[in-house]
Amino acid sequence: MFGHSKRIRYAVVGGGQISQQAFMPGISRTNNSELVALVTGDPVKADELAGKYNLKAWSYDAYDQLLASGEIDAVYIATPNFLHTPYAVAALEAGVHVLLEKPVAASVAEAEQIMAAQRKSGAKLMIAYRLHHEPGNVEMFTRAQAGDFGELLAFTSVFAQNVAEENSRGHNGYWGGPVPDMGTYPLNAVRNLFAAEPIAVHAIGTKTPGRGFNFHDTVAVILQFPGERVAQFTVSYASASAENFTLIGTKAMIHADPCFMFGPKVGITYTEKTEEGSKTHRFDPVEQFGNETQYFSACILEDRQPQADGEEGWCDMRVLAAVEQSLNTGETVTLEPFQRSRYVEPDQALTLTPAKEPAEDDLISVIPQSA
């Protein structure tokens, strides 16, 4: 299937900002992956991106034909969240591997439908948690799990930006809004830092006067974990940019800033404070999208299950759904106890050199996310 070159052939499904700005440039840094096709409903994107990257462009109407063509081994799905499911399920049913942007879908039921399709087909499914391959985050996760910071007690985080209402993220309801889009980052971070799953969720949301979002644009979430541990994060689509988290243990406190974003100039950094003093750990920028693709392609070629599989995505999805329920009811939502078998491991960190990413003004037929 893979020929002599041992490169996994990818199609990009959805030619929006994340595909154009990050995935399509980033895959060129890998040595086991290549971009061969684009699926888009926009003829301008089809023409210009196919020419720029020497790709074959396919319409959404021809997606099943592409899956059956033998021309691709895997798809990277970066459509809006509420459109993930049909494209992921169709690919898996066709035996094509799926690298699926997070969050998995727009409901827990849809996430479970995708997981069921994966189990039935045997094709591989990985959720695109790029920070699972970024050395700074991997170090924090694995040091926390190893007890370097003592018994972990609390986590708090802010992730915020000013999003244009005209962008697809600005008018597609809760599942297109800040909690699934941005809240997934602190949620996934604390799950991997604590190596545990929440047992209760409470959320409070606000709507900024003068903004046209059809959801709570600023949301604060409190999570209760087993072992008397708590976490809190705040996300917003209506503020100045912010990203950080603080983890408090009995031996140390760490503060990470920046911690969630990507780009050629973004180097993850965290400061560790103990009784002995303070130490700052700085990491060079890496090609985060190339890293995750390199890892997934290696899993395909070596027949290994990726760590960020469907269950990892489902663990976040059930919390995101509980946040929505809490926002609607004002109540604390209890979750069934669950223990994930796999969390981020040290050898997942990769260090591919960042690709140059196009500026927002250079993107083709995209309403930029930034307001």
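This is a predicted model: local features need pLDDT of at least 70, side-chain atom pairs count only at pLDDT 80 or more; totals for chains, interfaces and linings use all residues.
Residues are numbered from 1 along each chain as its sequence is written, and side-chain values use heavy atoms, with hydrogens and water left out.

Visitor: What is the order of the strands in the open sheet of six strands?
Guide: Strands are DSSP runs of E of at least two residues and helices are runs of H or I of at least four, numbered from the N terminus. Two strands pair if DSSP finds at least two bridges between them. The pairing is parallel, and the order is 3-2-1-4-5-6.

Visitor: Which residue in strand 3 stands opposite leucine 38?
Guide: Strand 2 (residues 33-39) pairs with strand 3 in the parallel sense over three bridges. Opposite leucine 38 stands a residue of strand 3, alanine 57.

Visitor: Why does the span of helix 7 agree with its number of residues?
Guide: The expected span is 1.5 Å times one less than the number of residues. The 17 residues of helix 7 (residues 178-194) should therefore span 24 Å, which agrees with the distance between the end C-alpha atoms, 23 Å.

Visitor: Where does helix 7 bend by about 45 degrees?
Guide: The bend at a residue is the angle between axes fitted to the seven residues ending there and the seven starting there. Proline 186 follows the bend within four residues. The bend is at threonine 184.

Visitor: How many residues of helix 7 are buried?
Guide: Buried means under 20% relative accessible area, exposed over 50% and partly exposed in between, with a 1.4 Å probe and protein chains only. Helix 7 is mostly covered, the buried count being 17 of its 17 residues.
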